[in-house]
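The report below treats two chains, their contact, and a few local features in turn. Please keep the structure in view while reading.

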Amino acid sequence: MGWKLVRVTMAAGGLILAHPSLAQAQIDYRNLDDDRPTLIEDAYPVERYAFELLTPWRFSRDRAGGTIHAFVPELAYGLLKNAQFGLKVPIAGASATNGRDWGVSGLRVFAMYNFNTESRSLPALSIRSDVTLPVGRLSGHGTRLSLKGITTRSWGRTRLHLNGAYTFGKDRPLAAAEAANKWWYGGAVDHTLYRRSVLLIGEVYALRPLASAPVQVNTSVGLRIQVTPYLVFDAGFARRLKRTAGPDLELTAGFSRAFALPGLMPAGRSR
Amino acid sequence: MTRLLAVVRMIGGIGFGLTLGLPGTLGAQDRREEQFYYPGSFNWTFLKRYPEAARLFNAFDYGHAVLYERLLTKPSVERDAALEKEYQFLTTNLLLRPPRFAIAEEVIEPAYSKLAWQAKQMFDWAHLLHRQIYDIYSDERVSSRDKDALIERVTDYYLSRKDVAFTEVPKSMALMDEQYFSQIFRTRHPTFNGLIWSYHWLQVGLYEPLILGRTVTEKQSGVKATLARFWSMLEDPPSRFPKAMPMTATIAPTFTAQHPRAAVIFDNLHMMHDIISDVLAADTIPKSRKRDVIYDQLAEFRDGTKNVMSMEEWKGMSEMMGGIGAMGGAATALLVPVAPAADSSREVPMPPGMTHARPAGDSAPMEAMPESHRTHTKEGMEPMLELHQRMLADPVIRKRVEADTGMRRLLREAMLVPASDRVAPEAQSRPAKPAVKAPAKKKPAAKPMPPMPGMKHPAGKPMPPMPGMKHP
């Protein structure tokens, strides 16, 4: 069931990524999405009326040798000015004694609102809320609500992003992938190679999956590359900085594409 | 636990701040308010079919961005050197190897973006319209009639954002030329200003070969010829740069006739580019007031009810501004041999309407072009151009061409020059001497020149006041 589910998901994503009849769109390689490839994101949502489809893969290996493959298709939409709404459907395959256990790893619905673009006096500020629903075999237990604050400040080609998030609710088993951690905070720095349309990113973050779990301090590096005017490729690598907790290794890669549907666009004023 | 409390305090602090403390501050901030462009399969066709032109526009974006950043951040005494450095980088590096994709302008103009986000937003939105119209014209799957309808639709979409769209009503040129800060930039930095005007010339001029070409091959040849004219402007700066802001109705008359709203929008956009350069360059406007002045000007250019002129007045602006020659020459006209530097009109002020005998962009040294363009041109236009140039360089042949109306007509048709832009063979073939010198030598013309736009003013006649602007 597992690989079949993954293949179907990937095929659907591939169709949307490659379908010529869909509106072609440019994705800004500087639009740093959460988990693409770093945990930390920038403070700017997708453009109004834009859809953004992401089809990433992530591999993670913990200290005990357990591994997880995760495919996390995501669709975000710029429904309102300066706001985006989105949906993630993570599909995970966790190593088990009898092979690999595949299943949907919860359903995540989120909204993000940006208060301002960066000015001389203030960084860009955004707030984001995620609701994680217990859907699927590997989704853990309980519905969770998370709140996140996001800031972005730039100095020419270099930007600094700070994220901090907290999840409300009691400790319950978490989803195998895309879990709503109890809290986390961190900072990322990115650097733009504007002639090559490449973004290089590095981050450090502290994370506590559950109130009863040890704190992890992890680091990751990655890049985002504009492949075509409407397609971005990203890849990243993460590792724990503390000996006692965190992933031995995390690898991720994915494509993202923005598009719009003519039927959802404002018609424009008539002549 | 300590960390948890710290996180809770941080998030709570942000929330509290947003709720109680920041709204006033945030209210004064610019909103990002980005909006997706009109979707359709035509998007990005221009980049695919004409990469040598589309990529140049990415370099143009850099040029605009770095200009504003330097004007804003460099004190007056350092601006000359800073702009000279950027000019060298642009003309010897970036324009020759332009980026494949759009430049992230915030990276190039961080201080300016933070100062005047709304201006950046308005420019981006108008540049998007520019690009989409190129895409539509480049898409051979779309019929001519559908192209026209689609261009009107994307123009409607552009105008639907009243908060960032330039009005489709022609604004008075006095807004660009007669305000207390006007013309400072072009006076102090004529070379960089000429480069910007050459950008604007190409941005509107490229529509013509895409419209006039009857086949893909003709369009490709036409685009290459127009690009060659652009490269020729960069030779011997600033002598071959446009001497006046290229007006869309003059440089792209066919496009203007088909899509006057878009043409007006682009002229308003290009005027605003110049205005912001002047505001940033003006020492009389303190840095603390530049944002307010820029935002006032932006509001003015969104308003189609005041300081406007009629479409007829707008189309007639070419005459007042020196004609097509002063604006860089016709986008699709013939290229002729380079004039000796001694004949450059740099030191010779060109009176309005007297520039056609030496069209500013009518010399096309192929050495000025990057290798890629030269290679393309050899396959398409260059042999023909070279043939014409060699033939017309011969005085006997030139005389025969001038005397034979049929040959003149064939020559014009071969070069796909629109009727309104046609230049007599004698003018094309004549070594580029300053027009004002010709009468002094009393050199008799073999044939009278056909009437051309911008040549109707009798010499010495005072220019009428600019329409649309009330003068005290």
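How many residues does the contact take from chain B, and how many from chain A? In this predicted model, the contact takes 41 residues from chain B and 49 residues from chain A. On the side of chain B that touches chain A, at least two residues each are supplied by α1 (2–27), α5 (105–108), α6 (110–115) and α8 (144–159) of chain B. The largest share of that side, nine residues, belongs to α1(B). By residue class, the side of chain B that touches chain A divides into 22 nonpolar, seven polar and 12 charged residues.

The composition of each chain is set out below.

In chain B, 84% of the contacts between residues at least 6 apart in sequence join residues at least 24 apart. In chain A, residues 24 or more positions apart account for 58% of the contacts with a separation of 6 or more.

Within chain B, one helix pair may be followed in detail. Two packed helices are described by the angle between their axes and the distance between the axes. Helix α7 (residues 117–138) of chain B packs against helix α16 (residues 260–281) of chain B at an angle of about 140 degrees, and their axes are 11 Å apart. The crossing in which α7(B) passes α16(B) is left-handed. From α7(B), the residues that take part are Ala119(B), Phe123(B), Ala126(B), Leu129(B), His130(B) and Ile133(B), and they meet Ala262(B), Ile265(B), Phe266(B), Leu269(B) and Ile276(B) of α16(B). This contact of α7(B) with α16(B) comprises 10 nonpolar residues, one polar and no charged.

Strand β11 (residues 183–193) of chain A and strand β12 (residues 198–208) of chain A run antiparallel and are joined by 11 bridges; among the paired residues, Trp183(A) has Arg208(A) in β12(A) as its bridge partner. Four residues lie between the strands in the hairpin of β11(A) and β12(A), where Ser197(A) takes a positive phi near 55 degrees. On β12(A), a further pairing is found with strand β13 (residues 216–228) of chain A, also antiparallel and made through 10 bridges, and in this pairing Ala206(A) stands opposite Val217(A) in β13(A).

Although Leu147(A) and Arg195(A) are 48 residues apart along the chain, their C-alpha atoms are separated by 36 Å.

Finally, the confidence of the prediction deserves attention. Chain A averages a pLDDT of 90, and 88% of the residues score at least 70. Over residues 18–25 of chain A, however, pLDDT stays under 50, and for this stretch the model has 24 contacts beyond four places in sequence. Where pLDDT is low, the predicted coordinates should not be read in detail.

How values were computed: Residues numbered from 1 in each chain as written. Chains lettered and ligands numbered in written order. Predicted model: local features only at pLDDT ≥ 70, side-chain atom pairs only at ≥ 80, totals over all residues. Contact = placed C-beta atoms within 7 Å. Nonpolar A, V, L, I, M, F, W, Y, C, P; charged D, E, K, R; others polar. Axes fitted to C-alpha atoms, helices over the stretch in contact; angles between N-to-C directions. Left-handed = near helix turned anticlockwise from the far one by under 90°. pLDDT = per-residue confidence, 0-100. Pairing = 2+ DSSP bridges.
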